[in-house]
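Trainee: Could you take me through a close look at the metal site in this model, and then at the helices? I'd like one connected account I can follow on screen.

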Amino acid sequence: MENHHAMSDTTPALRHIKIFDTTLRDGEQSPGCSMNLQEKLEMAQALVDLGVDILEAGFPIASPGDFDAVREIATTMRGATICGLARCNDADIDRAWEALKGSPQPRIHVFLATSAIHREFKLKMTREEIIARAVAGVKRAVGYCDDIEFSPEDAARTERDFLCQVVEAAIAAGATTVNIPDTVGYTTPQEYGETIALLKNRVPNIDRATISTHCHNDLGLAVANSLAAVENGAGQIECTINGIGERAGNCSLEEVVMALKTRQDHYHCGTSIVTPRLVPTSRLLTSITGQQVQRNKAIVGRNAFAHEAGIHQDGMLKERRTYEIMRPEDVGFQATDLVLGKHSGRAALADRAKALGYTLTGEQLQGVFDQFKLLADKKKEIYDGDIIALIELALHGTGQQAEWQLAGFEVTSGSGMKPRAKLTLRRGSEETSAEVSDGDGPIDAAFLATEKITGIKLRCIDYQVRSATLGHDALGEVNLSVEHGGQTFRGRGVSTDTVEATVQAILSAANRIAGTKETGARG
Ligand code: MN
């Protein structure tokens, strides 16, 4: 196979750009993206395998759950720096260190807002007080470890002279990374690039620290702004998988990494990201959170490498490079959509799972294989999308210890009739049925029937159906979120019958709620 981007032997050494992933901190705090401890650990392992340099695992003082996640990740993950966030005060910094100390490569990330609007309205502090507080915070963190990052929050809207003073003071106090956040996604590539160049030129001790970017995507400029900063001397990019994060999200890791790689001729920079892991990592996040990326999302979207126009297809057949600047396999898409069927064995399925980026235990593989066989009886050709849906259901579906199992269901709806749902659930050896005929629709009736049997209140806040592959016999995948007792729980179901997938998803959410109740009693 030809090499698209052959570099000559005389290529100068590439400048290494550190990838700082904040999927588990900035990303996780955005609506619909919260994860439990198990999910965070799984995501953290995937990020380490992806090759991120620094993994921001959470904000330890924010909640006991955050603390536990950072501590677990710091204790178990090797091969990346593990970072914890702290506001600029002793309690936050001490708590962050408590969580991080099990890591051989810990980093404390201290932040304090510096812009006029934050100083005046949020902090009610003068410039002098801000500098004194920043220095005190960095010094306290330096007492615990050598790797300290300081972020002047809302740096992009901070007066440049004052920003230079704060950065100089933070470095003098011991900060080894200075992050320049565009907290509100307001800056433009040229303006942000100038700010980085100014820091590089004007702050006398700047060579003792790495300049970092943290860009939000409110104007769709997060990736462009991060790249402009790199061109002006930044050595670290903060980003998230699928670009998740506060509001419109953060700089997307997969986009910024592939921009640097594809345009190495322009940026002369490299990262340690194993790019064929990008799509599997993106899928893992989607599967954990149930938040799909849009089809036309750069790099990881379903259409990112789809060529529809006839003239493009003609060009592609003659020479891929006519319309393709990256090869799908370089980001982890499979070049072929191999079809499996009824006669495919377990080895073929295992092969396919591996090629799609999944590592399954023997027991998981057997579970997926059983479902695969059932599906093969209903559907002649089984595509990658079907296999992914089955694997993800096995990995992130109901969970093994589901309290309630679906024994049977019947749903009717039609013009001019009342929707009705009859549901039978099994718990241990006991079966309970409920029939509801006053819902707004069949889905509502299925929710009501589940509530009636389990006694668990379910308020649906999100409901999504998508087909796993093309064709009217495709697997339907349902992802939903319910609110219960102030917390959000996700549910997932997969079936060729969309109503059945919905019932499974409702039940899996109910089971997750039941699983969190210590006594297992009905709530
Ligand atoms: Mn942020």
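**The manganese site and the helices**

Mentor: Happy to! The manganese ion is held by three residues, D26 through OD, H214 through NE2 and H216 through NE2, at 2.0 to 2.3 Å. Please keep in mind that this is a predicted model. Along the chain, the donors of the manganese ion are spaced as D-x187-H-x1-H. Both histidines, H214 and H216, are buried.

Next, go along the chain to helix α9, residues 222–231. Of its 10 residues, 8 are buried, so α9 is largely enclosed by the rest of the structure. If you want to select the buried ones, they are A222, V223, N225, S226, L227, A228, A229 and V230. After α9 comes G233, with a positive phi near 115°.

Now for a pair of helices. The axes of α6 (residues 127–142) and α7 (residues 160–173) come within 8 Å of each other, crossing at roughly 25°. An angle under 35 degrees counts as roughly parallel, which means that α6 is roughly parallel to α7. The crossing of α6 past α7 is right-handed. On the α6 side, R127, I130, I131, V135, V138, K139 and V142 make the contact, while α7 brings F162, Q165, V166, A169, A170 and A173. Sorted by class, this contact between α6 and α7 has 10 nonpolar residues, 1 polar and 2 charged.

Methods. Residues numbered from 1 in each chain as written. Predicted model: local features only at pLDDT ≥ 70, side-chain atom pairs only at ≥ 80, totals over all residues. Heavy atoms only, no water. Donors = N, O, S within 2.8 Å, 3.2 Å for Na, K, Ca; no water. Buried < 20%, exposed > 50% of the residue type's maximum accessible area, 1.4 Å probe, protein only. Helix = DSSP H or I, 4+ residues; strand = E, 2+ residues; numbered from the N terminus. Axes fitted to C-alpha atoms, helices over the stretch in contact; angles between N-to-C directions. Parallel < 35°, antiparallel > 145°, perpendicular 65-115°, else oblique. Left-handed = near helix turned anticlockwise from the far one by under 90°. Contact = heavy atoms within 4.5 Å. Nonpolar A, V, L, I, M, F, W, Y, C, P; charged D, E, K, R; others polar.
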